[in-house]
Amino acid sequence: MKFQGTSNYVATADLMLSVNAAITLQRPLLVKGEPGTGKTMLAEEVASALKVPLLQWHIKSTTKAQQGLYEYDAVSRLRDSQLSDIDGGERVKNIHNYIIKGVLWQAFTAEQPVALLIDEIDKADIEFPNDLLREIDRMEFYCYETRELIRANHRPLVFITSNNEKELPDAFLRRCFFHYIKFPDAATMQQIVDVHFPGLKADLLSAAMKTFFDVRNLPGLKKKPSTSELLDWLKLLMAQDIPASVLQTQGDKVAVPPLVGALLKNEQDVTLFEKLVFMQQRNR
């Protein structure tokens with residue numbers, strides 16, 4: 001298997017090289033980068049390009065590693081045991097009826113190779129990556145309730161994303177191939193926009209790109225606008241039929257763009273931006 005990009009996802013040469021390196025090494029690909037740079041979409045597009053099913057495990061702050069393996073529903077079994085006269089207790093006798101298979105179990109026992117996305121691993125408790133070390137490394141785990149060893153039929157292609165909210169343990173990092181998705185430069189960003197909006201007028205695209213990077217490069221922003229927010233903003237500009245002339249500014253002057261709420265997502269950044277525009281207007 002070799003990933004060579006797709007028509008729906010602009011993958012840089014170094015990103016494609018990293019994906020293929022992870023495939024060759026049979027190691028999880030740990031992808032970091034700013035939110036909105038396409039980390040989750042990468043797993044979806046690679047799975048689509050390689051024609052393998054994709055299993056997704058979206059991590060929350062309350063997620064435990066055990067949930068990715070399996071969960072034993074003891075409460076349901078107790079309830080069913082109290083109602084055992086319904087089917088003579090046959091369901092209760094079989095403990096497999098109360099084992100809820102997690103995404104890792106599903107990936108390990110799949111009849112064909114699959115891709116597995118562990119999304120935003122840094123949201124979970126600091127011990128979460130350590131709790132998955134053996135399973136990710138050896139591709140097996142033991143189910144104590146059923147007394148069986150679950151081994152992977154095929155080693156899944158594992159993608160792990162992180163927004164750098166927490167440092168990951170060294171032992172976990174050693175088992176991964178790492179890639180950092182840099183924020184796209186103007187040329188790469190234009191390729192991304194062309195994929196999503198092939199019919200966008202050149203003058204509107206040029207003005208919107210200049211405005212976007214002007215906003216993004218403002219010093220002191222708490223949250224810089226991302227690629228996904230640029231795409232949302234362009235979609236709104238097209239829906240509202242806003243002309244390029246409204247976005248065009250002269251020289252290095254910055255103006256508040258229409259629908260700025262698609263780019264700036266907190267009041268501190270909006271206030272900072274408005275103050276900068278006001279100061280520029282006063283100095284004219």
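Student: What should I keep in mind about the model itself?
Tutor: It is a predicted model.

Student: How many residues does the largest nonpolar core have?
Tutor: The largest nonpolar core has 31 residues. Those with the most contacts inside it are Trp57, Ile118, Phe128, Ile160 and Phe172.

Student: Which helices and strands each supply at least two residues of this core?
Tutor: The helices are H3 (65-69), H6 (103-109) and H8 (133-138). The strands are E5 (115-119), E6 (140-143) and E8 (157-162).

Student: And where does the largest share come from?
Tutor: Helix H6 provides it, with five residues.

Student: Which residues is Ile118 in contact with, leaving aside its neighbours within four places in sequence?
Tutor: Ile118 is in contact with Trp57, Ile59, Ile136, Val158, Phe159, Ile160 and Thr161. Two of these partners, Trp57 and Ile160, are also listed among the core residues with the most contacts.

Student: Which residues does the second core include?
Tutor: That core is separate and has 23 residues, including Val193, Leu205, Phe212 and Phe213. As general background, nonpolar side chains tend to be buried together in soluble globular proteins.

Student: Changing topic: at what angle do H10 and H12 cross?
Tutor: The axes of helix H10 (residues 186-196) and helix H12 (residues 227-239) cross at roughly 50° and come within 11 Å. H10 is therefore oblique to H12.

Student: Is the crossing left-handed or right-handed?
Tutor: H10 passes H12 in a right-handed crossing.

Student: Which residues make the contact?
Tutor: H10 contributes Met189, Ile192, Val193 and His196, while H12 contributes Thr227, Leu230, Leu231 and Leu234.

Student: On to the backbone. What is the phi of Arg147?
Tutor: Arg147 has a positive phi of about 55°, although it is not a glycine. For context, most residues other than glycine have a negative phi.

Student: Where is Arg147 found, and why does it count as exposed?
Tutor: Arg147 lies in the loop between E6 and strand E7 (148-151). It counts as exposed because its relative accessibility is 70%, and the cut-off for exposed is over 50%.

Student: What about Asn164 and its phi?
Tutor: Asn164, likewise not a glycine, has a positive phi of about 65°. Its place is in the loop between E8 and helix H9 (170-174). Asn164 counts as partly exposed because its relative accessibility is 42%.

Methods: Residues are numbered from 1 along each chain as its sequence is written. This is a predicted model: local features need pLDDT of at least 70, side-chain atom pairs count only at pLDDT 80 or more; totals for chains, interfaces and linings use all residues. Side-chain values use heavy atoms; hydrogens and water are left out. A nonpolar core is a set of buried Ala, Val, Leu, Ile, Met, Phe, Trp, Tyr and Cys residues joined through side-chain atoms within 4.5 Å. Buried means under 20% relative accessible area, exposed over 50%, partly exposed in between (1.4 Å probe, protein chains only). Helices (H or I, at least four residues) and strands (E, at least two) are DSSP runs, numbered from the N terminus. Contact means heavy atoms within 4.5 Å. Axes are lines fitted to C-alpha atoms, for helices over the stretch in contact, and angles run from 0 to 180 degrees between N-to-C directions. Angles under 35 degrees count as roughly parallel, over 145 as roughly antiparallel, 65 to 115 as roughly perpendicular and the rest as oblique. A crossing is left-handed if the near helix is turned anticlockwise from the far one by less than a right angle, and right-handed if clockwise.
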